[in-house]
Amino acid sequence: MSIRTALSLTDDTLIGETSSSEYSAEGGTPTFDRIPFRVRAGQRPNLNTFVIALRQDDDNRAHYGRIIAGSELNLRARPGGMQKDDAYGMRRTDIRSSELSPDLVRVMEIELLGEISIRDGGSFEVTEPTQLPHTGQPVYELPATIIPKLLNIPEDERELDKPNSASGLYLGRIESGGHSIPFFLPNSAIARHIAVLGKTGVGKSYAVGVLMEELYEKQIPMLSFDVLGDAEQTARELNGRHIVAGTDDFKIPYSIVGLEEFLAFIPNLTSDQRELIASAYGNIFDEALDKLEKGEKLNIPFSQLTSLVEDIGQSINSRATTNAVRRVQAAFNRSSLLTDQPVTWTELLEKSTLINIYVGHLGQWQRNLVVGAAARILQRLRRRNHIPPFVLVIDEAHLFLPGGSDLPPSTLVLREMIRTARHDSVGVVLLSQSPSSMDRQILLTCNTRMLFALDPEDLRVVAGQIGDLPEETIKRIPRMARGTAVFTSGMDIMRHAVIVKIRERTFTTHVAETPDLREAVEKWHKEQRTN
Ligand SMILES: Nc1ncnc2c1ncn2[C@@H]1O[C@H](COP(=O)(O)OP(=O)(O)O)[C@@H](O)[C@H]1O
Ligand SMILES: [Mg+2]
């Protein structure tokens with residue numbers, strides 16, 4: 001069976017033929033990376049359309065790729081000629097008479113992605129490009145239905161009234177030619193981590209809301225750390241929980257925060273006091289880690305620490321003892337974050353939905369503490385299989401995972417957890433408007449990127465890790481529309497990078513509207529008057 005028959009390529013989808021010119025303005029010559037083609041009169045293929053270019057010598061094999069550039073050459077529109085016409089008062093009326101004009105050529109460039117060959121049974125095989133494309137060969141728009149096969153991503157199973165796939169997450173649509181097909185991110189992408197990057201207001205949180213809807217439908221538990229309150233509404237709509245850190249629903253066991261973090265709760269210690277508390281806390285911390293390993297409750301009472309401080313102090317006859325005990329006690333009383341009660345929020349993960357932990361009201365040091373301690377708890381519990389596999393979502397991830405050295409220990413705990421998450425069947429989704437200030441190593445750990453419009457500086461940081469995107473497409477990323485993202489991933493997850501229009505959310509609402517300041521001021525004045 002020929003490619004033409006197997007893919008039902010018809011004259012309607014014939015958009016041009018491959019060309020060759022020594023001038024780059026005319027598209028240049030075919031190479032192993034690019035194929036120029038002359039566009040047929042009347043055809044208007046869109047940018048990014050997936051196309052196929054046939055070969056002269058083999059009916060069963062063809063090159064496929066997508067349109068990444070184009071130009072129109074019109075001998076009647078040469079600026080010098082137009083100027084002359086105007087100067088002599090004889091402006092031509094037929095500069096672009098029709099696309100059949102002998103003076104008009106439209107050339108487009110195909111980014112060569114690979115080759116398709118048809119096997120005897122009619123199935124096809126997709127491989128890397130190995131052959132030099134031929135000139136003068138027909139170029140067709142690819143039928144939308146085979147795009148998932150080329151990308152090696154799940155296809156629509158459509159048992160329901162909306163696009164659906166057991167092996168993929170329906171996040172948006174791919175547009176090619178005049179068609180649009182659903183885009184399913186393979187489930188396998190989740191445990192290999194996802195970075196969602198883009199400027200403020202381009203649709204990162206919205207898109208993660210879409211992802212959450214899909215994870216919810218697949219009954220994958222999620223835990224999110226929320227700085228802006230974006231996911232509060234979503235958590236409620238998904239029958240999840242919105243928890244404010246520092247309230248009774250979410251405190252951190254003091255025994256697990258680690259020495260340096262714990263000491264920071266007790267400012268201005270003398271070195272004697274510090275030494276005493278440190279050696280007592282060391283014991284408590286070891287016991288807590290041990291309990292975590294065994295999946296036991298973290299319920300080491302505060303009084304155990306204070307008595308330990310007292311015992312150690314007395315055994316070495318330290319004069320700092322009384323004050324050290326008093327300082328520890330005062331710190332406990334003051335802090336709304338620390339507790340000696342066992343954690344209960346981890347049990348919520350079993351009920352398979354979204355737990356949204358709000359940390360927006362806390363200072364950054366406290367936020368790090370919360371996230372770091374939670375990471376430490378989650379990692380151990382997961383490793384011992386005490387909690388189910390889950391997805392961890394961190395918005396404004398650059399705040400929690402900054403680049404550079406000299407970082408607080410809680411940051412290192414989170415970093416370590418993410419590095420090993422894959423082995424523990426924990427998926428990580430990181431959102432950031434500022435990848436350039438994020439930890440590089442962690443960015444690299446994220447196999448899948450959802451790139452929204454990014455500033456050129458941030459784009460440079462990720463550009464090297466984007467995979468097979470051509471320069472033309474990368475250059476367009478800063479100007480991409482809100483809600484449009486480039487997806488790139490490892491070859492084994494998705495064969496090529498692809499541009500996706502994020503779908504609308506169906507059963508959750510996004511509440512973070514970007515405020516119109518003029519309207520906001522007007523509203524404020526109105527409220528003042530009525531009060
Ligand atoms: N795919 C989309 N469809 C419809 N509206 C969107 C989409 N993506 C973003 N928006 C709108 O754009 C605004 C900004 O999106 P948001 O996700 O909050 O941006 P970011 O998290 O990148 O700062 C939101 O008010 C949202 O309603
Ligand atoms: Mg956001």
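Colleague: What makes up the shell of residues around ligand 1, in terms of nonpolar, polar and charged?

Modeller: In this predicted model, the shell around ligand 1 divides into four nonpolar, eight polar and four charged residues, with Gly counted among the polar. Of the 16 residues around ligand 1, those that come nearest are Gly203, Lys204, Ser205, Tyr206 and Gly483.

Colleague: Which helix gives the largest share of the shell around ligand 1?

Modeller: Helix α4, residues 204–217, contributes three residues, and this is the largest share of that shell.

Colleague: Why is helix α7 called oblique to helix α8?

Modeller: The axes of α7 (residues 271–294) and α8 (residues 302–315) come within 9 Å and cross at roughly 130°. Angles of 65 to 115 degrees count as roughly perpendicular and those over 145 as roughly antiparallel, so that an angle falling between these ranges is oblique, and α7 is therefore oblique to α8. The crossing of the two helices is right-handed.

Colleague: How is the protein divided into domains, and what separates the centres of domain 1 and domain 3?

Modeller: The domain assignment gives domain 1 as 3–142, domain 2 as 153–250 + 344–531, and domain 3 as 252–342. Taken over C-alpha atoms, the centres of domain 1 and domain 3 are separated by 72 Å.

How values were computed
Residues numbered from 1 in each chain as written. Chains lettered and ligands numbered in written order. Predicted model: local features only at pLDDT ≥ 70, side-chain atom pairs only at ≥ 80, totals over all residues. Axes fitted to C-alpha atoms, helices over the stretch in contact; angles between N-to-C directions. Helix = DSSP H or I, 4+ residues; strand = E, 2+ residues; numbered from the N terminus. Parallel < 35°, antiparallel > 145°, perpendicular 65-115°, else oblique. Left-handed = near helix turned anticlockwise from the far one by under 90°. Near = placed C-beta within 6 Å. Domains from an automatic or database assignment.
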